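Biologist: Hello! I am new to this protein and would like a friendly tour. Could you show it to me?

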Amino acid sequence: MLTDESTYDQGRHQQWLAGAARGLSRRTVLRMSVIGGAAMAVGTAGIASAAGPIVKPLPPEFFEVYGTNAETRWESLSGQGYLTPIDRFFVRNHTSTPTIDVNTWRLRMFGTGLRRGPVEFSYRDLRALPAETTTAFIECAGNGRSYYTSQQGQQVSGTPWKLGAIGVARWRGVRLSTVLAKAGLSRNAVDVQPSGLDGDFVSGGVNLGKVRRPLPIGKALDDVLLAYEMNGRQLPPDHGFPVRLVVPSWIGIASIKWLGEIEVSETPLVSPWNTQFYRLVGPTYPAEGTLVSRQVVKSAFELPRDATLAAGQRHVLRGRSWSGNGRICKVDISVDGVNWHPAKPTSHASERGWLQWEFPWRPKQPGTYELRARAADSTGVTQPDVTPYNTQGYLFDAIVPHPVTVV
């Protein structure tokens, strides 16, 4: 539990914003920040843009940066335990991380799906409600996108993620179902649409407004969390402070950060993020595309690509596998592209998280090798050799060869 929700440590936040602090401040981000000597005042809405698109430090040994986005390097997770440390957790921003005054922040709920008029909740209101903790991954729908091109020879649009646009954290907050009940949910509600407080997103010269995407009421009432803590700490700015949605097993866009509003409707809701984006469009899909919701099966090694290993020595290959459809029940490893051998699980299997595993290997001959990991989940889905093409490069689930050199 946080002990100081209303005091602002300005010096600590200045360090954080300047990139000098590696740790996480437990202080609330309020009123004024100074970056590089320039004052940045927070307006009446309690929001201001950061100096850069991402606030936290992005050391190159942890991240590969793509403008507003930062991908976790898998080798940085080696030896870090089950949860992804906050300082290594990937960042997906449409614009820039906002600075929000928690004292003036409100979550506004409105729409035809509520029995009464608009309702507002303060940060203190939410923290007074029954809390729940869940461990779950958040993963960008485009994670693995670059392999459509490098592995399958297909051109796709979007950030060229490898496999590092995912992280597993322990989230604490209040269930969305609890807040909907407090707001007076109608029995006829069919959709909820959360929206963020980051800047308007402009695509192709068109202002698409706040990032927002509808959720069916069934999912909203199931396991969705309004999170205000991450790995036992106050939610950091880049990860949605003061409150974000956590939608387990679904694509990351559903887990709206910097939550500001939730529309509740008795009729289906739409936004560019479920009509223009996050639809599977391609030769094997309907003309209007297929809406993306749950994540798919993937595996990754905790090794640098093109790592160098010594011949004749025993090496323990480690990695993680996950799925949005069920827990991982089997992982096989191949070092020659032909023969497959079972990996040993080293963590529990979770439907919302990932499975850690290891595989001992003693390469006898120097040369180049391509390591492969192939996972299967509890629904019977196994990673394929090829992922069906879609133009925006979503849901890549094929086995990814991992090159290493033995010397």
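Modeller: Gladly! Helices (at least four residues) and strands (at least two) are DSSP runs, numbered from the N terminus. Please keep in mind that this is a predicted model.

Biologist: Thanks! How many helices and strands are there in the protein?

Modeller: Counting those runs gives both kinds of element. The totals are 6 helices and 30 strands.

Biologist: What share of the 407 residues is buried?

Modeller: A residue is called buried when its relative accessible area is under 20%. With that cut-off, the buried share of the 407 residues is 57%.

Biologist: Which element gives the most residues to the largest nonpolar core?

Modeller: This core holds 51 residues, and Met 109, Leu 126, Leu 180, Val 192, Leu 226, Ile 262 and Val 264 touch the most other members. Elements that give two or more residues include strand 8 (106-110), helix 4 (176-183) and strand 19 (259-265). The top contributor, with 4 residues, is helix 4.

Biologist: Let's look at strand 8. Does strand 8 run parallel or antiparallel to strand 19?

Modeller: Strand 8 has strand 9 (119-122) as an antiparallel partner over 4 bridges, and there Arg 108 has Glu 120 as its bridge partner. In strand 19, Arg 108 stands opposite Glu 261. The 3 bridges between strand 8 and strand 19 join strands that run parallel.

Biologist: Which strands are the edge strands of the open sheet of 4 strands?

Modeller: The order in this sheet is 22-24-28-27, with antiparallel pairing. Strand 22 is joined to strand 24 (residues 315-322) by 4 bridges, and Ala 300 stands opposite Arg 320 there. An edge strand pairs on one side only, and here those are strand 22 and strand 27 (344-345).

Biologist: With which side chain does the side chain of Glu 302 make a polar contact?

Modeller: Leaving aside neighbours within four places in sequence, Glu 302 is in contact with residues including Trp 74, Leu 77, Gly 79, Arg 318 and Arg 320. The polar contact, at 2.6 Å, is with the side chain of Arg 320.

Biologist: How does Ser 96 count: buried, partly exposed or exposed, and what is its relative accessible area?

Modeller: Ser 96 is found in the loop between strand 6 (91-92) and strand 7 (98-100). Its C-alpha atom is 6.3 Å from that of Ile 54, 42 residues apart along the chain. Buried means under 20% and exposed means over 50%, so Ser 96 is partly exposed, at 24%.

Biologist: One last thing: what part of the accessible surface belongs to carbon and sulfur atoms?

Modeller: The accessible surface of the protein comes to about 16,400 Å². The part that belongs to carbon and sulfur atoms is 50%.

How values were computed:
Residues numbered from 1 in each chain as written. Predicted model: local features only at pLDDT ≥ 70, side-chain atom pairs only at ≥ 80, totals over all residues. Heavy atoms only, no water. Core = buried A, V, L, I, M, F, W, Y, C linked by side-chain atoms within 4.5 Å. Buried < 20%, exposed > 50% of the residue type's maximum accessible area, 1.4 Å probe, protein only. Polar contact = N/O pair within 3.5 Å; in protein donor to acceptor, adjacent residues only side chain to side chain. Contact = heavy atoms within 4.5 Å. Pairing = 2+ DSSP bridges. Areas by Shrake-Rupley, 256 points an atom, 1.4 Å probe, with all protein chains shown as cover.
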